[in-house]
Amino acid sequence: MANEGSIFQKLTTKSALLDAWRIVQKKRSAGGIDNVSVQFYEKDFNRNIERLLEDLQNSRYVPEPYQRIDIPKDNKPGEYRPLSLPTINDKIVQQALKYLLNPIFEAVFLDVSYAYRQGKGAVKSINRISHFIAAEKMTWAACADIDRCFDAMDHEVLLAELHKRVNEPEITRLVRMWLKIGVVNPKGSYEETPFGVAQGGIISPLLSNIYLHPLDAYLAEKKCCYIRYADNFTLMAASREEVQKDFESARYFLNEVLKLQLNRQPFYFHEVLRGFVFMGIYFKGNRRMIDRSRLQRMESRIRFLVRKNLEQNPGKFFKRLDEKVEGFENYYGKLMDPRGVGSRLNLFLRQTIIDSLLYQCRKKNKKPNKTEIKSLLAPIRLFGQEDSNFRENWIISVADQVAERYQPEQPAKPERSPPFVPPLTSHGPPVVPAAEDAVKKADAAVGRQKARYRKLEAVSREVVVKSPGTFIGKNSRCLVVKKSGVKILEFPLEKLETVHVTAKGVSISSDIIWHCGRNSIPIFFSDGIGIPECVLQNLVTGDATLGLLQLQALQDGHCALELARCFIVGKVRNQVNLLKFYGRHRSGTSLFGSSLKEEIAAMEAVIDKVEKITLDSDGLERVRSRLMGHEAEAAKIYWKLIKILLAEDVPDFPGRERKGARDLVNSLLNYGYGFLYRQVWREVVLAGLNTKISFLHSPQGEKPVLVFDLVEEFRPQAVDRVVFSMLTKREKVSLEKKTGMLNEDTRHKLLEALLERQGTAVPFRGQKMLLKNVIKEQVRGLCRHLKGEEDFRNFIGYY
């Protein structure tokens with residue numbers, strides 16, 4: 001319970017959340033992973049804010065992972081800047097906490113720090129450097145920036161710094177969750193964040209200043225002339241020796257205490273009379289001007305903006321240009337006369353627009369219209385100019401030049417787009433551990449959220465087409481499914497792992513077949529039960545070396561026996577563990593509970609028999625037959641117990657039936673095993689193994705018998721557990737009366753449950769791994785075993 005008057009108590013009030021909401025609402029920025037925008041949040045605002053407040057007050061609030069998006073860089077086509085977006089709920093809480101923490105930390109922050117602080121800013125940092133040069137006669141400067149500062153911050157160091165001023169477990173828990181919650185990348189995959197703060201989080205700038213404050217204090221204590229703007233800093237001194245000594249002190253503190261590194265650069269030390277650059281400003285003696293490379297970068301951004309948006313999206317062009325002019329006025333315009341540099345930028349903008357308009361006119365073979373050009377450019381805002389007459393004359397000159405220089409396109413020599421021209425070229429204060437209880441609670445909440453998103457990642461990889469008369473095709477980014485000409489699904493190609501067709505009368509374009517073939521994405525065709533009948537896959541499949549190793553292992557006999565033994569023992573062990581799992585929740589006096597110990601002992605005896613089998617003169621085929629006999633012996637016991645387990649929920653379960661089954665339990669199991677076959681089949685093909693060379697199952701013509709081998713140990717954990725849980729929880733599942741097969745709603749429910757199980761983290765080789773990745777790792781483990789790199793070990797699911 002929060003203390004009266006604490007920060008957490010102030011945070012968990014409706015007024016605090018409403019104040020924060022007004023700021024978030026005003027910015028109208030994008031939402032996060034839940035796809036809830038500010039506009040959508042507004043529609044049910046009262047309910048949303050009340051639920052958020054209640055979750056905070058009852059310690060139920062857990063943030064969602066950040067949604068990472070890649071923002072195109074204006075002047076670098078093909079390059080992107082990553083940004084991590086919190087959800088609207090998370091933005092509100094972060095904004096509210098930021099408002100409460102700001103005054104606490106502003107009281108201790110030093111005046112050498114200029115970023116993300118009210119009353120500071122880049123302009124004042126530049127003026128402070130000018131003061132060092134003019135008034136304090138500093139003649140040497142050392143300039144540096146911290147490598148990947150936001151991404152590399154150590155969470156424990158940051159929480160310890162926070163703890164020094166805010167000793168509240170509830171606040172520690174909130175901040176820790178925001179740090180640890182992770183991101184979902186543009187491909188839909190969840191990524192953990194063991195280090196760093198999210199670039200895009202509302203509270204992240206404040207956290208970065210809290211993290212770097214010890215550096216500011218350390219250098220201030222050493223009486224250094226020092227300025228920091230975010231992760232950029234400058235040290236100044238009267239001699240090279242002195243500035244070099246201060247620089248080494250700063251680097252040592254960053255490395256040893258804050259665990260950060262500096263970006264490497266050719267020269268750190270600069271004589272003021274020879275010039276140096278900080279924050280886009282070139283200092284030389286008492287003079288300052290825009291750095292040449294920064295000016296060239298601005299021109300490159302203007303060129304990119306004009307060519308991309310002027311004709312296609314003029315509204316966006318003028319909005320983005322206004323932002324650039326505004327930024328120019330607010331920074332450079334306050335540091336020097338903007339008209340000089342503004343004239344150069346306006347001249348460059350004028351020429352770029354003329355070239356772009358001429359290109360468009362020639363491309364369309366259309367004579368330019370001066371009136372249309374003037375109308376198009378009417379909203380334009382120029383750099384460093386408030387004179388409306390100048391702007392009007394500038395627009396007229398652009399229209400005149402386009403009209404004068406226009407020449408119709410020559411059919412024999414079609415005009416090409418002007419090429420893109422790139423721009424020219426531990427010491428220090430002790431670390432106090434965060435409150436242990438808050439750490440445990442935050443990590444537990446984050447762990448649950450991580451598991452949820454890992455499951456979501458697993459769910460979003462397979463497209464199942466189950467409606468007759470549909471068409472499967474693609475566009476540049478997505479697989480597209482249509483029915484009667486109407487688009488019913490778009491699925492990102494970059495996320496696609498498997499296509500599964502379960503209906504008749506489905507047509508597939510050659511484009512999607514080409515794409516799937518080139519990217520090793522199998523297209524399965526299954527019967528109504530879900531068992532794959534055939535598969536479309538890349539013509540070039542299988543690794544010849546692996547195929548030979550499979551044949552050698554088969555010919556050797558002993559190697560094949562060890563693998564076959566592993567598959568059987570893994571399957572029976574997993575069946576035993578699944579029975580034990582259900583036994584934990586059943587009374588020892590129940591029929592299931594009272595039978596369990598004796599029957600499990602019988603299954604353990606079967607495992608002993610399997611492990612004692614040796615290769616005799618009868619050969620591998622006879623040994624295979626004996627192994628399969630023992631497997632059937634264990635299966636008989638297993639399914640007898642399962643029939644008892646399900647007796648109350650499904651009294652008409654006849655026991656395990658494979659082909660031709662028409663009861664509910666067997667139909668669910670068969671459909672689930674069909675799903676599992678596809679998962680294993682895909683990994684076998686990707687690994688380069690030959691699906692027809694197996695070790696446990698005998699060859700069966702063209703059937704993928706190696707897939708049958710590898711599926712065995714996963715049946716209980718990947719399918720049986722899912723089906724039995726659905727039945728014992730009495731979920732609504734049923735068969736169609738007419739066909740005797742699973743109805744569509746049941747198939748959909750089962751598929752979702754199977755995919756969710758694939759996204760569950762299970763213990764594997766001393767760590768937690770998603771079940772879908774365990775399947776992949778077992779297939780890769782078989783490859784390594786065949787190459788002699790390691791012994792093959794079966795997968796045992798714990799209970």
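Rings of Phe, Tyr and Trp (for Trp, its six-membered ring) pair if their centres lie within 6.5 Å, and planes under 30 degrees apart count as stacked, over 60 as edge-to-face and the rest as tilted. By this rule, Phe581, Tyr582, Tyr638, Trp639 and Phe724 form one aromatic cluster. The model is predicted, so local features need pLDDT of at least 70 and side-chain atom pairs count only at pLDDT 80 or more, while totals for chains, interfaces and linings use all residues. Residues are numbered from 1 along each chain as its sequence is written, and side-chain values use heavy atoms, with hydrogens and water left out.

**Aromatic pairs**

- A search of the whole structure finds 23 aromatic pairs.
- One of them joins phenylalanine 317 and phenylalanine 318, whose ring centres are 5.1 Å apart with planes at 70°, so this pair is edge-to-face.
- Phenylalanine 317 has 0% relative accessibility and counts as buried, a term that means under 20% relative accessible area, with exposed over 50% and partly exposed in between (1.4 Å probe, protein chains only).
- Phenylalanine 318 is also buried, at a relative accessible area of 9%.
- The rings of phenylalanine 581 and tyrosine 582 have centres 5.1 Å apart and planes at 75°, so they too are edge-to-face, and both residues are buried.

**Charges over the cluster rings**

- Arginine 721 lies over the face of phenylalanine 581, at 4.1 Å from the ring centre, where a charge sits over a ring if NZ of Lys or CZ of Arg is within 6 Å of the ring centre and within 35 degrees of the ring normal.
- Arginine 656 lies over the face of tryptophan 639, at 5.8 Å from the ring centre.
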